[in-house]
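Subject: Structure handover

Hi,

Here is the structure for you to look through. My notes on what was found follow below it.

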Protein chains: 2
Amino acid sequence: MAKFAEIKEFMLRQIESGAWPEHSRVPSENELAEQFSVSRMTARRALQELTEQGILYRTQGVGSFVAALKSQSSLLQIHNIADEIAGRGHTYSATLVQLTELPCPTIVATALGLKRNDPVFFSLIVHLSAGQPLQLEARYVNPLQVPLYIQQDFQEQTPHHYLSMIAPLTEAEHIVEAIWPDNFTCQHLQLKKPEPCLRLTRRTFSRDGAVSLAYLTSPGSRYRLGGHLNFALPR
Amino acid sequence: MAKFAEIKEFMLRQIESGAWPEHSRVPSENELAEQFSVSRMTARRALQELTEQGILYRTQGVGSFVAALKSQSSLLQIHNIADEIAGRGHTYSATLVQLTELPCPTIVATALGLKRNDPVFFSLIVHLSAGQPLQLEARYVNPLQVPLYIQQDFQEQTPHHYLSMIAPLTEAEHIVEAIWPDNFTCQHLQLKKPEPCLRLTRRTFSRDGAVSLAYLTSPGSRYRLGGHLNFALPR
DNA sequence: ACGAAAAACTTGTATATACAACCAAGATCC
DNA sequence: GGATCTTGGTTGTATATACAAGTTTTTCGT
């Protein structure tokens, strides 16, 4: 591994472990250069790339600092919570709460082009980042398009990943809302006190029609959506 | 202007003018270094940054090439609140709360590429749909790029619309969050009780750099973001 | 003519150095 | 006490150099 990459790895570990909290100062170019026995330009490159990735922000004459740690994603990209967490250097895990077949509710029937009370697959999964719940995923899946969905092991592979393999996405619709979570959601997200949550409602299509309808709910304090702005946000 | 930036400008002009078509080869690091009388490392930086921006792609041992031109992001045009309200058949209006020049806070300076306490324009506007507040827009504008911003009448024309005319957008970054509104926000949105709010933080760029940083806050019960799903959502 | 070796060229990584721009804090002067 | 100056630390830009790694072209031997 290149030296500048090793320095990046080191710094990511420090940030992930909490040793370097948000908005705390990180070692200067010269300090890093000495610690790792490299030239300043090499240390600088590590700082620079982490800044471009939105992990750090820097101010000339002042120093380099840890940016806000909230997870981030892009609306334009296909949303994959597991990769997103891994990309931030955190450990991803998932808890499968439920995986059943049930009679299709009216709303879901409309969204997926089924008839009411037709069988539909339903999965409920909590996505965790470093052991902390980051997103509750409630997903309805069209059994006509993905008949083996209910037999999968979603501790190992996210529904998103499995669906991408079985029924390649051709289109996706999104709604983003700020909502007040109900008790059920609070429980699974381990929210002691209710707080504003971001809910992404998403319907995906493959060539043959609607594949799934998913409700992705995340605590507002832990998750944000969007391209990374490489500077700290207030509050 | 820094030398590496001049080289970038030159290359961008060549690409935009069509002199360097897609997938054509661009000068090598050494060629650029000689043409511009700079060191190879400086020429390299120009190539590197254009690559990070997706303008070029490079292959070790082969060369650097013009990438396929970006397709315009749909996100650029989505969030024009006035058109959105009018599109739903409601009457749009706006209340200008504040329009001043003030010393640039650190965060804003970083975001807009200004120096701290440099003068920056600030506008605070409430967007109303059928008389009901729908969005509070707090916007910082780079006076170097839009010097006449402070003289505009934003009761008639939204900042977004004016900025689109003066400094055509080339790029936009977004963050979407679910937040708990402060008292100030509640007041201007006429929220009797605080409720989860959707906050869109958006930084826009024109060809010459960052133009404005805007915080768009809407009550979660009145506003949704994203493509319209053609079915009702559960409440 | 063919294949292998060598050369030439490209990008990638790394170092050492120099100076400029900027900021914060302490020292100094009045 | 307050404004100004100095100083040290930090990031930003630029140069010259060296070698590594990958690709393409040329050369050379058979």
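Start with chain A, whose secondary structure comes to seven helices and nine strands. Helices (H or I, at least four residues) and strands (E, at least two) are DSSP runs, numbered from the N terminus. Please keep in mind that this is a predicted model: local features need pLDDT of at least 70, side-chain atom pairs count only at pLDDT 80 or more, and totals for chains, interfaces and linings use all residues. Residues are numbered from 1 along each chain as its sequence is written, while chains are lettered from A and ligands numbered from 1 in the order in which they are written.

Chain A has 235 residues, and 36% of them count as buried. A residue is buried if 20 or more other C-beta atoms lie within 10 Å of its own, exposed if 12 or fewer, and partly exposed in between; C-beta atoms are placed from the backbone. Now take the contacts in chain A with a separation of 6 or more: 63% of them come from residues 24 or more positions apart. Contact means that two C-beta atoms, placed from the backbone, lie within 7 Å.

**The sheet in chain A**

Three strands of chain A form an open sheet in the order 1-3-2, with antiparallel pairing. Strand 1 (25–26) and strand 2 (56–59) are the edge strands, as each pairs on one side only. Two strands pair if DSSP finds at least two bridges between them. Strand 1 of chain A is joined to strand 3 of chain A by two bridges. Here Arg25(A) stands opposite Phe65(A). Strand 2 of chain A and strand 3 of chain A pair over four bridges. Thr59(A) stands opposite Gly63(A).

**Helix 3 of chain A**

Which residues of helix 3 of chain A are buried? They are Ala43(A), Ala46(A), Leu47(A) and Leu50(A). Just after the helix, Gly54(A) takes a positive phi of about 85°.

**DNA strand D**

How many residues surround DNA strand D? There are 20, and the closest are Ser28(A), Lys3(B), Val38(B), Thr42(B) and Gly61(B). Two or more residues each come from helix 2 (29–35) and strand 3 (63–66) of chain A, and from helix 1 (3–17) and helix 3 (40–52) of chain B. Near means that a residue's C-beta atom, placed from the backbone, lies within 6 Å of the strand. Helix 3 of chain B gives the largest share of this surface, three residues.

**Helix 3 of chain B**

This helix has 13 residues, which at 1.5 Å a residue should span 18 Å; its end C-alpha atoms are 18 Å apart, which agrees. The expected span is 1.5 Å times one less than the number of residues. Its buried residues are Ala43(B), Ala46(B), Leu47(B) and Leu50(B). On the other side, Met41(B) and Glu52(B) are exposed. Gly54(B) follows the helix, with a positive phi near 80°.

Best wishes
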